[in-house]
Every structure is written in C-alpha cells, then in structure tokens.
Amino acid sequence: YIMLQKQREIMMVEANTAAAKQRIETDTETQAIRTVAKAQADAVIIKAKAEKNAMQLRGEGEDQYSQLLSQTELGQKMSLMEIQKQALQGLSQVCYIPQIDRVLDSRQAFAQNKLIPDMPPNQNELLG
C-alpha cells in the first residue's frame, strides 16, 4: 500500500512538472508571437509616419518651388509649359485649330452657320 502511495505521489509530481513545463513553453511561445506582432505593428506605424512626413515635405518643397517660379516671368512661362506638358501627356497626336474658341461657342457657330453650312441661319432645329 505504501508503495502504491509513493508511486501515486511520483506520478503527481511528474504530472505537475509536465504541466508546469507546458505552461512555460506556452508562455514563451505566446511572448514570442506578441513580440513579433508588436514589432510588425510598430514597423507599420513608423512607415506610415515616414510616408506622411515625406508627403508633407514634398508638398512644402513644391509650394516653395512654385512660389519662387511665380516671382519671375521665366518661371511663370515654365509653369505654364509644365501644365501644358502634363495635359498633353499620353496623347499620340495633337491638332492645332487657331480659331477653336469661336468654333466651340455653339451659339455663335450655329448663328454663323459654321457647323451646318447648307442651312440658312435661324432654321437650325437645334436652336429652336
């Protein structure tokens, strides 16, 4: 009977030791996962702050550059050319029409019969 009792105590100690060992291993794994997750989250936050600061600095730089350009006649012309360049980017062909402003004014175009030359003025159905 005493031997069974000692054997039971040994088994209890071994079970408690195994449980403690498993708890320690689980805590270690959990801590490692938390540390990695925190490091990744911190990296994302640092990257976002860096991108935000970079955008702010880029905006301030562009603002200062545009202010300096606008102070000179050459700078104003360069700014206009840059805007025109951006507007035409991606186009393969460009057609220049000297009097496009008059052609695009539809009331004047219909009144002068430029869009439908075979109809007399005031008979255009679109003006009706």
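**Salt bridges and helices in a predicted model**

A search of the whole structure finds three salt bridges; a salt bridge is a side-chain nitrogen of Lys or Arg within 4 Å of a carboxyl oxygen of Asp or Glu. This is a predicted model, in which local features need pLDDT of at least 70 and side-chain atom pairs count only at pLDDT 80 or more, while totals for chains, interfaces and linings use all residues. Residues are numbered from 1 along each chain as its sequence is written, and side-chain values use heavy atoms, with hydrogens and water left out.

**Overall fold and confidence**

- The protein chain contains four helices and zero strands; helices (H or I, at least four residues) and strands (E, at least two) are DSSP runs, numbered from the N terminus.
- The mean pLDDT (the predictor's confidence in each residue, from 0 to 100) of the protein chain is 81, and 77% of its residues reach 70 or more.
- Confidence is highest in helix α1 (residues 2-70), at a mean of 91, and lowest in helix α4 (residues 106-111), at 54.
- Of the 128 residues, 5% count as buried; buried means under 20% relative accessible area, exposed over 50%, and partly exposed in between (1.4 Å probe, protein chains only).

- The side chains of aspartate 42 and lysine 38 meet in a salt bridge, at 3.4 Å from N to O.
- These two residues are separated by about one helical turn because they are four residues apart in helix α1.
- Aspartate 42 is partly exposed, at 32% relative accessible area, whereas lysine 38 is exposed, at 53%.

- The 16 residues of α2 should span 22 Å at 1.5 Å a residue, and the end C-alpha atoms are 23 Å apart, which agrees; the expected span is 1.5 Å times one less than the number of residues.
- Glutamate 73 pairs with lysine 77 in a salt bridge, with the closest N and O atoms 3.5 Å apart.
- Glutamate 73 is exposed, at 55%, and lysine 77 is partly exposed, at 48%.
- Lysine 85 forms a salt bridge with glutamate 82, where the closest N and O atoms are 3.8 Å apart.
- Lysine 85 and glutamate 82 lie three residues apart in helix α2, about one turn of the helix.
- Just after α2, glycine 90 takes a positive phi of about 95°.
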